[in-house]
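Student: Please show me the model, and let us then examine the terms used to describe it.

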Amino acid sequence: MSEIPMAPDLSSARAAATLHDVAQAAGVSLATASRVLNGSTRRVADAYRERVQAAADRLGYTPNLSAQATARGTSAIVALLVADIADPYFGQIAAGVARGADEAGLVVTIAITERDPAREVRVIRALRGQRPRGLILAASRDLDHDAAGLSGELSALSASGTRAVALGRGDGDVRWLAVDNRAGAAALAEHMSALGYRRAIVLAAAEGLRTSDDRIAGFAEGFTAGGGEEPRVLRGSFSRQGGIDLMARALAEGVEPGTLVFGISDVVAIGAMRAIRDAGRAVGSDIAVCGFDDIPTSSDVTPALTTVRVPLDEIGYQALHAAVAEDWPGPGDAVELTVIPRDSTPRRA
């Protein structure tokens with residue numbers, strides 16, 4: 001008869017190493033070990049720092065993040081709020097935030113708001129319990145966002161020691177990074193009118209979404225200044241499916257050959273390209289399409305998509321440092337946006 005294996009004796013399992021164990025193994029005081037491992041701003045000599053870190057690695061010591069947060073007022077966490085994690089726009093911003101967080105010895109936690117102000121407020125309220133070092137608001141702001149009480153939640157978060165950063169423009173004590181969507185869209189429209197386009201359709205998000213509204217306004221200004229007609233604006237969702245649905249609607253109502261379609265973002269524009277093909281029309285030679293953001297996919301589609309390059313990774317990186325830096329010079333000039341002409345908008349005769 002085979003023996004029945006005994007259950008492991010959990011009572012003999014090795015206890016997790018404590019900060020006291022690390023200090024004893026490194027031959028330093030408990031205070032010195034704490035300064036090295038808990039992120040204190042007080043300077044510790046390199047020789048002691050190396051001894052403490054080596055002992056912590058040898059013993060498998062893991063800092064207690066909750067205890068750190070209680071002791072320092074904040075944790076080693078930076079919270080990033082995005083509208084849609086599947087959108088490459090937010091993925092590139094998250095990559096930049098993660099790069100900066102790694103350099104700062106911080107961990108990034110991501111929450112999805114779905115561009116719902118009430119949901120955003122609930123998420124921020126829940127994050128207060130984690131005491132994050134910083135909060136980065138990457139989702140586009142609704143022009144009436146404070147109807148949900150966002151300013152009050154951000155003030156409460158700031159009072160607990162968390163610094164908030166917004167992309168675009170912040171309110172109150174929120175730090176912000178300037179992105180001039182209006183000027184970028186105007187430059188794109190001026191270039192399109194110079195290529196000979198005179199009719200345009202804008203596929204946009206619902207009214208009141210700041211990024212979308214700024215891009216609509218800038219595009220209309222640039223296009224009419226270059227000799228084009230006032231663009232026709234269709235509103236839906238800030239997504240690929242939104243681009244498909246809006247373009248299908250435009251095609252059903254009639255789109256003349258030589259019309260230019262401006263998707264308010266690259267994902268919207270790529271959705272529009274799909275709808276144009278599904279209708280048996282050609283992208284570029286028949287209906288031209290341009291977007292905004294220059295996500296990696298924009299150069300991979302056929303024909304490659306004309307767009308406005310936004311340095312998303314760098315914006316995320318700068319946002320991280322704005323969130324954790326004690327001294328911050330302010331937003332300064334808006335990040336540089338560049339028009340990238342590609343084959344989806346050939347020159348008109």
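Predicted model: local features only at pLDDT ≥ 70, side-chain atom pairs only at ≥ 80, totals over all residues.

Student: Why are helix 1 and helix 2 called roughly perpendicular?

Tutor: The axes of helix 1 (residues 19–26) and helix 2 (residues 30–37) cross at roughly 110 degrees and come within 9 Å. Angles of 65 to 115 degrees count as roughly perpendicular, and helix 1 and helix 2 are therefore described in that way.

Student: Which residues make the contact between helix 1 and helix 2?

Tutor: Contact means heavy atoms within 4.5 Å. Helix 1 contributes L19, H20, V22 and A23, and helix 2 contributes L30, A33, S34 and L37. Six of the contact residues are nonpolar, two are polar and none is charged.

Student: What makes a set of residues a nonpolar core?

Tutor: Such a core consists of buried (under 20% relative accessible area, 1.4 Å probe, protein chains only) Ala, Val, Leu, Ile, Met, Phe, Trp, Tyr and Cys residues joined through side-chain atoms within 4.5 Å. The largest has 75 residues, of which L203, F219, M247 and L260 touch the most other members. Helix 11 (residues 266–278) gives the most to this core, eight residues. A second, separate core has 17 residues, including A79 and L137.

Note on methods: Residues numbered from 1 in each chain as written. Heavy atoms only, no water. Axes fitted to C-alpha atoms, helices over the stretch in contact; angles between N-to-C directions. Helix = DSSP H or I, 4+ residues; strand = E, 2+ residues; numbered from the N terminus. Parallel < 35°, antiparallel > 145°, perpendicular 65-115°, else oblique. Nonpolar A, V, L, I, M, F, W, Y, C, P; charged D, E, K, R; others polar. Buried < 20%, exposed > 50% of the residue type's maximum accessible area, 1.4 Å probe, protein only.
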